[in-house]
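User: I would like to learn how to read the surface and the core of a protein model. Could you take me through one, step by step?

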Amino acid sequence: MNLHTKTWVQRLPVPIDVAWDFFSQPDNLARITPPEMFLRVDGGSTGKPISEGMQLSYTLYPFMMIPVRWTTEIMRVSRPDFFEDRQLEGPYELWHHTHRFREIEGGTEMTDIVEYALPFDMLGEVVEALIVGRRLDEVFEYRRRKVAEILGAF
């Protein structure tokens with residue numbers, strides 16, 4: 001298994017509690033996901049903020065209109081500093097996503113760190129190089145733009 005790590009950083013002109021409140025609501029994920037992925041939260045979200053042990057189920061279409069079911073678990077929550085989720089079921093062999101928040105002058109710095117591995121050894125590495133790595137960058141760039149629209153940007 002080859003582990004890949006990607007990091008994205010965004011500065012937001014809002015207090016850390018405002019950033020936390022937005023990102024800790026599972027239903028907001030659909031708002032910041034590219035519309036062509038048709039992300040739908042199928043289960044686990046009850047309109048409440050995330051909590052340790054919460055499991056969330058999604059359906060999305062990340063590539064060529066092929067539906068993917070995905071279940072994640074919120075592993076650790078330390079308001080307002082970070083939360084972590086991991087894939088329980090889905091397309092990755094391993095998926096671990098850390099969301100960090102840090103107060104900065106004039107707002108909040110948010111950092112997303114994703115560690116992931118694909119199944120199928122060598123074939124998975126080819127798919128990662130040709131499709132998955134680029135697609136993740138596209139998704140997080142879209143998120144950056146949408147979050148800036150919603151919460152503002154520096």
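**Surface and core**

Analyst: Phe120, Leu123, Val126, Val127 and Leu130 make a nonpolar surface patch of about 500 Å². The model is predicted, so local features need pLDDT of at least 70 and side-chain atom pairs count only at pLDDT 80 or more, while totals for chains, interfaces and linings use all residues. Residues are numbered from 1 along each chain as its sequence is written, and side-chain values use heavy atoms, with hydrogens and water left out.

User: Where is Val126 placed, and why does Val126 count as partly exposed?

Analyst: Val126 lies in helix H3, residues 121-151; helices are DSSP runs (H or I, at least four residues) and strands likewise (E, at least two), numbered from the N terminus. Buried means under 20% relative accessible area, exposed over 50%, and partly exposed in between (1.4 Å probe, protein chains only). Val126 counts as partly exposed because its relative accessibility is 42%.

User: Which residues have the most contacts inside the largest nonpolar core?

Analyst: A nonpolar core is a set of buried Ala, Val, Leu, Ile, Met, Phe, Trp, Tyr and Cys residues joined through side-chain atoms within 4.5 Å. The largest one here has 33 residues, and Leu12, Phe23, Tyr92, Phe101 and Leu136 have the most contacts inside it. H3 gives the largest share of this core, six residues.

User: What does Pro80 touch?

Analyst: Contact means heavy atoms within 4.5 Å. Pro80, in the loop between E4 and strand E5 (82-89), touches Ile16, Asp17, Trp20 and Phe101, not counting residues up to four places away in sequence.

Terms used:
Patch = residues over 30% accessible without salt bridge, like charges linked within 9 Å, V, L, I, M, F, W, Y side chains within 5 Å. Areas by Shrake-Rupley, 256 points an atom, 1.4 Å probe, with all protein chains shown as cover. Salt bridge = Lys/Arg side-chain N within 4 Å of Asp/Glu carboxyl O.
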